[in-house]
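Here's a quick tour of one structure for someone meeting it for the first time. Have a look at it, then read on.

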Amino acid sequence: MIEAIELLKTRRSLKPVELVEPGPSPTEIETLLTIASRVPDHGKLAPWRFIVFEGDARLDAGAAIEAAFRAKYPTATDEQAVFERKRLARAPLVVAVVSRAAPHVKIPEWEQVLSAGAAAMSLVLGAHALGYGANWITEWYAYDRSVLDALGLRENERIAGFIHIGKPSHTPEDRPRPPLNDITTRFAQG
Ligand SMILES: Cc1cc2nc3c(=O)[nH]c(=O)nc-3n(C[C@H](O)[C@H](O)[C@H](O)COP(=O)(O)O)c2cc1C
């Protein structure tokens with residue numbers, strides 16, 4: 001297991017197709033979901049939930065993505081449609097983090113949305129800590145109402161991310177990171 005600080009300093013995403021079998025075991029999936037649900041959450045609202053896509057269910061969900069794609073682009077080729085059907089089947093495991101933020105008498109909706117982001121990031125970090133790679137993506141179908149209906153999302157629910165998880169097929173190169181001086185100021189009075 002990678003040391004925590006080393007993991008946090010070096011973690012990188014891989015593309016979904018670069019995340020290969022084997023995916024996490026049932027016990028590991030439970031560990032990942034436990035980690036993802038252990039995030040700061042003002043008001044203890046649990047303003048998120050998870051949908052697990054594994055095995056053939058990934059293609060069943062993909063059928064809804066394909067249908068939405070064909071409706072949007074009636075002249076699309078079969079090859080393009082098949083690509084869409086396989087969207088959630090590129091990596092062995094996909095977990096959708098669903099934000100269920102809603103107006104609340106005390107807790108701003110913004111804070112509930114942020115908590116869903118924290119759940120998604122914890123899932124990514126948990127996957128890396130277990131020796132897997134991960135990628136947090138949304139892509140077009142996260143915003144398509146017919147796909148959301150097929151996945152069982154209610155009107156007030158939104159996809160925070162589809163977290164793709166699998167064994168890394170290689171060690172990815174790093175990408176440039178913002179210099180800390182560009183993104184950090186020190187508050188000084190006067
Ligand atoms: C909410 C959210 C949605 C994203 N959606 C996409 C996406 O649809 N497609 C994509 O290529 N990257 C998307 N990304 C970026 C990927 O996570 C990207 O691989 C990542 O920023 C690489 O950064 P890393 O090297 O720090 O992991 C998204 C990121 C976030 C936070």
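How do the residues of the shell around the ligand divide into nonpolar, polar and charged? There are 3 nonpolar, 3 polar and 5 charged ones; here Ala, Val, Leu, Ile, Met, Phe, Trp, Tyr, Cys and Pro count as nonpolar, Asp, Glu, Lys and Arg as charged, and the others, Gly among them, as polar. Keep in mind that this is a predicted model, where local features need pLDDT of at least 70, side-chain atom pairs count only at pLDDT 80 or more, and totals for chains, interfaces and linings use all residues. Residues are numbered from 1 along each chain as its sequence is written, and side-chain values use heavy atoms, leaving out hydrogens and water.

**Around the ligand**
- The shell (a heavy atom within 4 Å of the ligand) includes Arg 11, Trp 136 and Arg 175.
- Strand S4, residues 133–137, gives the most to this shell, with 3 residues; strands are DSSP runs (E, at least two residues), numbered from the N terminus.

**Glu 157**
- Glu 157 counts as buried because its relative accessibility is 2% (buried means under 20% relative accessible area, with a 1.4 Å probe and protein chains only).
- Its side chain reaches the backbone nitrogen of Arg 154 at 2.9 Å.
- The C-alpha atoms of Glu 157 and Glu 6 are separated by 35 Å, with the two 151 residues apart along the chain.

Technical notes:
Helix = DSSP H or I, 4+ residues; strand = E, 2+ residues; numbered from the N terminus. Buried < 20%, exposed > 50% of the residue type's maximum accessible area, 1.4 Å probe, protein only. Polar contact = N/O pair within 3.5 Å; in protein donor to acceptor, adjacent residues only side chain to side chain.
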